[in-house]
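Hi everyone, thanks for coming along. I'd like to walk you through one structure today, so please get the viewer ready and follow along.

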Amino acid sequence: MDFEPDRPRWQQIADVLRTRITSGEYQPKYLVSEVRLVQEFGVARETIRKAIRQLREEGLLYTVPNLGSFVSPTDSTDS
């Protein structure tokens with residue numbers, strides 16, 4: 001991935017992950033692996049953690065201690 005120089009990398013990664021979640025590429029309960037994302041994007045683990053933290057605050061991910069971060073179930077009753 002070519003990163004934009006004027007935006008933090010974690011924000012750009014969060015954008016990519018958000019798109020993957022909202023498009024259905026990452027289904028509910030999909031494990032979002034920090035290790036895999038570090039390898040994919042070539043960034044430090046803390047950068048990935050910031051992106052995951054942002055998506056967790058948005059309600060797109062949830063984290064289970066000692067297991068990892070997962071895509072949140074969708075609410076089919078959205079109006």
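I'll go through the sheet, then the helices, and then a few individual residues. One thing to keep in mind from the start: this is a predicted model.

Let's begin with the sheet. It is an open sheet of three strands, in the order E1-E3-E2, and the pairing is antiparallel. E1 and E2 are the edge strands, each pairing on one side only. As a bit of background, strands of a sheet pair through backbone hydrogen bonds, and that can happen in a parallel or an antiparallel way.

Now take the pairs one at a time. Strand E1 is residues 31-32 and strand E3 is residues 68-71, and two bridges pair them in the antiparallel sense. If you click on Val-32, you'll find Ser-69 of E3 opposite. On to the other pair: strand E2, residues 61-64, is joined to E3 by four bridges, again antiparallel. Tyr-62 has Phe-70 of E3 as its bridge partner, and Val-64 has Gly-68 of E3.

How many residues sit between the strands in the hairpin of E2 and E3? There are three. Asn-66, in the loop between E2 and E3, has a positive phi of about 70°, although Asn-66 is not a glycine. That deserves a second look, since most residues other than glycine have a negative phi. Is Asn-66 buried or exposed? With 83% relative accessibility, Asn-66 counts as exposed.

There is another residue of this kind. Lys-29, in the loop between H1 and E1, has a phi near 75°, which is a positive value in a residue other than glycine. Lys-29 is exposed too, because its relative accessible area is 59% and the cut-off is over 50%.

Next, the helices. Helix H3, residues 45-57, lies across E1, E2 and E3 and runs at about 110° to E2. Then we have a pair of helices to look at together. In general, two packed helices are described by the angle between their axes and the distance between the axes. For helix H1, residues 9-22, and helix H2, residues 34-41, the axes come within 12 Å and cross at roughly 115°. The crossing of H1 and H2 is right-handed.

Which residues make that contact? From H1 we have Ile-13, Val-16, Leu-17 and Arg-20, and from H2 we have Leu-37, Glu-40 and Phe-41. Sorted by type, the residues of this contact are five nonpolar and two charged, with no polar ones.

Let's stay with Arg-20 for a moment, in helix H1. Why does Arg-20 count as buried? Its relative accessible area is 15%, and the cut-off for buried is under 20%. Setting aside neighbours within four places in sequence, Arg-20 is in contact with Glu-25, Tyr-26, Leu-37, Glu-40 and Phe-41.

One of those contacts, Tyr-26, is my next stop. Tyr-26 is found in the loop between H1 and E1, and it is buried, with a relative accessible area of 8%. Again leaving aside neighbours within four places in sequence, Tyr-26 is in contact with Leu-17, Arg-20, Ile-21, Val-32, Leu-37 and Val-71. Try the distance tool on Tyr-26 and Val-71: they are 45 residues apart in sequence, yet their C-alpha atoms are 7.1 Å apart in space.

Tyr-26 also has a ring partner. The structure holds two aromatic pairs. In one of them, the rings of Tyr-26 and Tyr-30 have centres 4.3 Å apart and planes at 20°, so this pair is stacked. Tyr-30 itself is partly exposed, at 30% relative accessibility, whereas Tyr-26 is buried.

Ser-33 counts as buried, at 18% relative accessibility. The C-alpha atoms of Ser-33 and Leu-67 are separated by 9.9 Å, while along the chain these two are 34 residues apart.

To recap with the viewer still open: find the sheet in the order E1-E3-E2, then the crossing of H1 and H2 at roughly 115°, and finally the stacked rings of Tyr-26 and Tyr-30.

Key
Residues are numbered from 1 along each chain as its sequence is written. This is a predicted model: local features need pLDDT of at least 70, side-chain atom pairs count only at pLDDT 80 or more; totals for chains, interfaces and linings use all residues. Side-chain values use heavy atoms; hydrogens and water are left out. Axes are lines fitted to C-alpha atoms, for helices over the stretch in contact, and angles run from 0 to 180 degrees between N-to-C directions. A crossing is left-handed if the near helix is turned anticlockwise from the far one by less than a right angle, and right-handed if clockwise. Contact means heavy atoms within 4.5 Å. Ala, Val, Leu, Ile, Met, Phe, Trp, Tyr, Cys and Pro count as nonpolar, Asp, Glu, Lys and Arg as charged, and the others, Gly among them, as polar. Two strands pair if DSSP finds at least two bridges between them. Rings of Phe, Tyr and Trp (its six-membered ring) pair if their centres lie within 6.5 Å; planes under 30 degrees apart count as stacked, over 60 as edge-to-face and the rest as tilted. Buried means under 20% relative accessible area, exposed over 50%, partly exposed in between (1.4 Å probe, protein chains only).
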